[in-house]
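I opened the notebook today to go through one protein model, moving from the whole chain to single residues.

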Amino acid sequence: MTAPEHAFHTELADRLDYGRYLHLDALLASQQTLSDPPHHDELLFIIQHQTNELWFKLAIHELRAAMRLIQTDALEPSFKILARVKHIQGQLLRQWDVLATLTPSEYVEFRDVLGPASGLQSFQYRMIEFLLGNKDRRMLAIFRHMPAIHDELQAALEAPSLYDEFLAHLHRRGLPIPAGLLRRDFALPREPDAGLVGVFRTIYENPHQHWDAYEMCEKLVDIDEQYGLFRFRHMKVVERIIGFKTGTGGTPGVPYLRRAIELEYFPELWQVRTELRSPGDRGAGS
């Protein structure tokens, strides 16, 4: 039902209104096209990537909050936060549908104005990768020209990831997390650990005994799966628009993105699915 006209707030000259609260003047002035004359589809390209960055900002905010909760052994309050991250990922995934309407003929008209600019240089995306445990020190070099951002990323590189914090929590509650996973250089990539698969098998085979840890495992799988779908969709949209051209950031383009599809942030949580035993097999000691 439409509200009575007298209920509307119309005297807003010196009050907080919608536009001021959201800083819409700055936000909507941030889409500066570089093509000359302006190409119709460059605005789509800019808004797509700016919107990605806003969702990345929220994902970082939520992941850090979840990590703080896990550090205090409060798993259950983190579940809603991680569910939100999954839905943020869903938004990011669906946005590729809009960019996929950009045809190769349209993109080539303004691609040159990008110069070396590339999504590879998104420091927020790199922060998410580091928070989720995909550590690669070489990536810091991309951000040397931005010292404050470089230092923030380096700190995240060298700190425990979301997964590391969860493993530390499981250790504190008495589960036999391999010692090497608790005392390692967190800046280095982590290899899958067979001993950790055994810990997760215990959790998955006894969900009622370890319900919160079991639920956390599934929340992490949700996030891992969604980012895998995001990377796959990214690769296919890039292939659809530029084929096998080199990426603007200096990567090989589609082959580089295709390799990234195989990444799993939490490999043991995928491997344990193969290792789970039926109740009868457990009783037989196999």
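How many of the 286 residues of the protein chain, in percent, count as buried? I found that 40% of the 286 residues do, where buried means under 20% relative accessible area, exposed over 50% and partly exposed in between, with a 1.4 Å probe and protein chains only. I note that this is a predicted model, in which local features need pLDDT of at least 70 and side-chain atom pairs count only at pLDDT 80 or more, while totals for chains, interfaces and linings use all residues. Residues are numbered from 1 along each chain as its sequence is written, and side-chain values use heavy atoms, with hydrogens and water left out.

**Entry 1: the whole chain.** I looked up the secondary structure and found 14 helices and zero strands, helices (H or I, at least four residues) and strands (E, at least two) being DSSP runs numbered from the N terminus. The C-alpha trace spans about 75 × 55 × 40 Å along its principal axes. I also looked at contacts, meaning heavy atoms within 4.5 Å: of those between residues at least 6 apart in sequence, 70% join residues at least 24 apart.

**Entry 2: the core.** I then turned to the largest nonpolar core, which has 69 residues; such a core is a set of buried Ala, Val, Leu, Ile, Met, Phe, Trp, Tyr and Cys residues joined through side-chain atoms within 4.5 Å. Helix α11 (residues 211-242) gives the largest share of this core, 13 residues. Leu269 is among the residues with the most contacts inside the core, and, leaving aside neighbours within four places in sequence, I found Leu269 in contact with Tyr163, Phe200, Tyr204, Cys217, Leu220 and Val221. In helix α13 (residues 267-275), Pro267, Glu268, Leu269 and Val272 are buried, and the buried residues of α13 pack against α8 (162-172), α10 (194-205) and α11.

**Entry 3: aromatic pairs.** I counted rings of Phe, Tyr and Trp (its six-membered ring) as a pair if their centres lie within 6.5 Å, with planes under 30 degrees apart stacked, over 60 edge-to-face and the rest tilted. By this rule the count comes to 14 aromatic pairs. The rings of Tyr163 and Phe266 have centres 4.9 Å apart and planes at 45°, so this pair is tilted. Because Tyr163 lies in helix α8 and Phe266 in the loop between α12 and α13, the pair ties together parts that are 103 residues apart in sequence. Tyr163 is buried at 2% relative accessible area, and Phe266 is buried at 0%. Ring pairs link a cluster that includes Phe56, Tyr125, Tyr163, Phe230 and Phe266.

**Entry 4: single residues.** Where is Tyr125, and is this residue buried or exposed? Tyr125 is in helix α6 (residues 123-131) and is buried, with a relative accessible area of 16%. Apart from neighbours within four places in sequence, Tyr125 is in contact with Phe56, Phe230 and Arg231; Phe56 is 69 residues away in sequence and 6.5 Å away in space, C-alpha to C-alpha.

I next looked up Gln50 in helix α3 (residues 42-71), which counts as partly exposed at 27% relative accessibility. Beyond neighbours within four places in sequence, Gln50 is in contact with Ser30 and Gln31, and the C-alpha atoms of Gln50 and Gln31 are separated by 8.6 Å.
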